[in-house]
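Dear colleague,

Please read the notes alongside the coordinates.

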Amino acid sequence: MKKASAVNGKIILKSARVCPNLGSGAHTSSSSAAGSYLTKAQVRAAIAAIDTRANSKLMRVARFRAFTAGIDADDLLQEAILRALTSRSCPIGLKIEHFLMAVMRSLASAVIAKRERDEVLYREACDLLVSPLAPDEAYEIVERAETYRRALDGLVNGSPEIEMVVDGIDQGLCGMALAGFAGMDQAELATARRLIKRRAAKAWGELMDLGLAA
């Protein structure tokens with residue numbers, strides 16, 4: 001598939017003509033033999049009409065999933081589109097945006113799982129090569145990375161809302177822009193920021209005790 005491009009928030013697929021059956025027609029089987037899933041032509045037509053502007057819900061979810069996996073949001077969305085047009089099947093009646101969100105969640109989870117497996121293998125290799133009583137620089141880097149990861153996990157504490165706020169702050173957002181990005185109103189954002197500050201202060205104190213605070 002040729003890479004999709006976005007113009008005024010709409011994805012344009014350049015590799016084939018856009019199917020005219022947009023809107024609800026793109027999500028309706030043309031015959032009982034079509035089964036429970038959209039055809040690839042219907043998927044292509046639906047994708048061509050979705051909103052991919054920077055502040056669209058689809059792109060906010062893409063940035064959130066990409067943040068959790070440490071990858072690029074645009075690349076994640078493009079990969080999800082590719083999978084939707086090739087190896088994944090979209091159920092009839094499911095909005096294409098929600099389908100792509102589910103695919104992005106799956107892709108991001110796979111990246112995270114692979115990274116965790118690689119980290120375990122790397123730590124085990126370090127344990128074999130280096131004595132814990134006299135760690136070298138590589139071992140110390142692994143230990144520091146693990147400590148920082150645990151601190152960040154404690155900051156988020158499994159909350160998608162807090163993770164969205166942290167992601168937005170990392171992108172330089174503040175005020176109404178940050179609230180919109182995180183899907184909160186101003187009062188909810190203020191509460192979230194206070195919680196983040198309390199958790200960050202606790203994490204900082206723990207890092208100071210370990211001599212790891214930068």
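Helices α2 and α3 pack at an angle of about 110 degrees, with their axes 8 Å apart, where axes are lines fitted to C-alpha atoms, for helices over the stretch in contact, and angles run from 0 to 180 degrees between N-to-C directions. The two helices are therefore roughly perpendicular to each other, a label used for angles of 65 to 115 degrees (under 35 is roughly parallel, over 145 roughly antiparallel, and the rest oblique). Helices here are DSSP runs of H or I with at least four residues, numbered from the N terminus. On the α2 side L58, M59, A62, R63, R65 and A66 meet A73, D74, L76 and L77 of α3, contact meaning heavy atoms within 4.5 Å. By class, this contact has 7 nonpolar, no polar and 3 charged residues (Ala, Val, Leu, Ile, Met, Phe, Trp, Tyr, Cys and Pro count as nonpolar, Asp, Glu, Lys and Arg as charged, and the others, Gly among them, as polar).

The model is a predicted one, in which local features need pLDDT of at least 70 and side-chain atom pairs count only at pLDDT 80 or more, while totals for chains, interfaces and linings use all residues. Residues are numbered from 1 along each chain as its sequence is written, and side-chain values use heavy atoms, with hydrogens and water left out.

Helix α2 (residues 57-69) also packs against α6 (residues 160-170), at an angle of about 90 degrees and with the axes 10 Å apart. That contact is made by R60, R63, F64, F67 and T68 of α2 and by P160, E163, M164, V166 and D167 of α6, and its classes are 5 nonpolar, 1 polar and 4 charged residues.

Helix α1 (residues 40-48) is mostly covered, with 7 of its 9 residues buried (under 20% relative accessible area; exposed is over 50%, partly exposed in between, with a 1.4 Å probe and protein chains only). Among the residues that V43 touches is C90, which counts as buried because its relative accessibility is 1%.

Best regards

Terms used: Lists of a residue's contacts leave out its neighbours within four places in sequence.
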